[in-house]
Amino acid sequence: MKLPIFIADAFTAKAFRGNPAAVCLLENKLDEDMHQKIAREMNLSETAFIRKLNPSDSFSQSSCFGLRWFTPASEVPLCGHATLASAAVLFHKIKNMNSTLTFVTLSGELKARKAEDGIILDLPLYPAHPQDRHEVKDLIKTAIGDTLVQDIRYSPDTRKLLVRLSDTYDRSFLENLKVNTQDLLQVENTGKVRGLILTLKGKPSGQTHAFDFYSRYFAPWVGVAEDPVTGSAHTVLSSYWSQELGKKDMRAFQCSCRGGELEISLRPDGRVDIRGGAAVVVEGTLTA
């Protein structure tokens with residue numbers, strides 16, 4: 001078996017930044033367990049599998065494909081950065097002739113369209129509801145110790161816990177915060193939480209490229225200690241910060257060691273457009 005495979009850094013215009021995802025093109029149906037084996041072999045936060053929906057489809061000419069995402073540990077229902085990476089491979093390497101691609105996924109149909117300065121993803125927008133602090137105090141204490149917390153929200157659709165740090169902190173504090181992910185599986189093993197978002201309000205700086213909010217994302221429950229840049233987390237963050245800031249258009253920065261920028265626009269139809277760049281850094285063949 002030989003499969004075309006790529007690695008693309010998503011939510012960045014530069015190689016070796018943003019979030020890397022493997023992208024595998026499937027001409028034919030793949031054995032179910034092989035998806036997970038390949039994802040484990042690639043050992044990135046996500047491996048995306050693009051498949052033809054009909055035998056007559058073409059990766060260069062068709063506009064609709066199936067798409068699945070796997071971490072090294074499990075399949076996930078939504079992954080923004082691997083969707084962006086998939087679109088980048090089809091647009092820039094396969095030279096797909098369409099301006100908009102549709103992906104059929106576990107989260108419904110997702111669209112990716114070409115833009116002058118990147119690719120725009122059309123993603124669902126998920127609300128986050130107030131969360132009782134007592135119920136998650138052990139999880140938060142384990143993760144960030146005595147760090148001051150300003151707000152806690154929970155997204156039942158994504159099973160993500162959003163923890164907003166005190167406005168007294170700045171970007172540097174979030175970037176350098178030591179987060180204990182090793183013990184989170186023992187503290188939270190009910191299945192309620194599958195991802196932890198730490199977020200912080202941006203500071204007015206007078207700069208042209210100031211950010212409205214910052215974040216980091218941790219998902220040891222699906223085998224990802226810290227994800228460099230996370231589109232799915234921003235489907236929750238966009239909803240929260242839009243309400244907090246009273247804005248529909250925002251700029252966000254994920255403060256991992258690789259870092260990534262996202263441009264966000266909430267749409268009238270209750271979804272969110274997330275724009276980002278991508279750099280394809282590896283192109284090859286997977287042999288098994």
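Q: Let's start with Phe16: is it buried or exposed?
A: Burial is read from relative accessible area: under 20% is buried, over 50% is exposed, and partly exposed is in between (1.4 Å probe, protein chains only). Phe16 has a relative accessible area of 64%, so it is exposed. Before we go on, this is a predicted model, where local features need pLDDT of at least 70, side-chain atom pairs count only at pLDDT 80 or more, and totals for chains, interfaces and linings use all residues. Residues are numbered from 1 along each chain as its sequence is written, and side-chain values use heavy atoms, with hydrogens and water left out.

Q: Where is Phe16 found?
A: Look in the loop between strand 1 (2-10) and strand 2 (19-26). Strands (E, at least two residues) and helices (H or I, at least four) are DSSP runs, numbered from the N terminus.

Q: Which residues form a nonpolar patch on the surface with Phe16?
A: A nonpolar patch joins side chains of Val, Leu, Ile, Met, Phe, Trp or Tyr within 5 Å, using residues with over 30% relative accessible area and no salt bridge. Here Phe16 teams up with Val281 and Val282, and together they have about 280 Å² of accessible area, by the Shrake-Rupley method with a 1.4 Å probe.

Q: How do I read salt bridges, and how many does the structure hold?
A: Look for a side-chain nitrogen of Lys or Arg within 4 Å of a carboxyl oxygen of Asp or Glu. The structure holds 24 of them. Take Asp9 and Arg258, whose closest N and O atoms are 3.3 Å apart. Asp9 lies in strand 1 and Arg258 in the loop between strand 15 and strand 16, so this pair ties together parts 249 residues apart in sequence. Asp9 counts as buried at 2% relative accessibility, while Arg258, at 22%, counts as partly exposed.

Q: Which residue forms a salt bridge with Arg68?
A: That's Glu32, with the closest N and O atoms 2.5 Å apart. This pair links distant parts of the chain, with Arg68 in strand 4 (residues 64-70) and Glu32 in helix 1 (residues 32-42), 36 residues apart. Arg68 counts as buried, at 17% relative accessibility.

Q: What about Arg271 and Asp122: how far apart are the closest N and O atoms?
A: They are 2.6 Å apart, in another salt bridge. Arg271 lies in strand 17 and Asp122 in strand 8 (residues 118-124), so the pair ties together parts 149 residues apart in sequence. Both residues are buried. Shared partners then join Arg113, Asp122, Arg267, Asp269, Arg271 and Asp273 into one network of salt bridges.

Q: Now pockets: what volume does the largest pocket have?
A: On a 1 Å grid over the protein atoms alone, a pocket is an open set of points where a 1.4 Å probe fits, with protein on both sides within 12 Å along at least five of seven lines; lining residues have an atom within 4 Å of a point. Points are joined across faces, edges and corners, and the volume is the space filled by probe spheres set on them. The largest pocket comes to about 400 Å³. Its lining has 25 residues, with Val76, Pro77, Leu78, Thr158 and Lys160 nearest the centre.

Notes: Patch = residues over 30% accessible without salt bridge, like charges linked within 9 Å, V, L, I, M, F, W, Y side chains within 5 Å.
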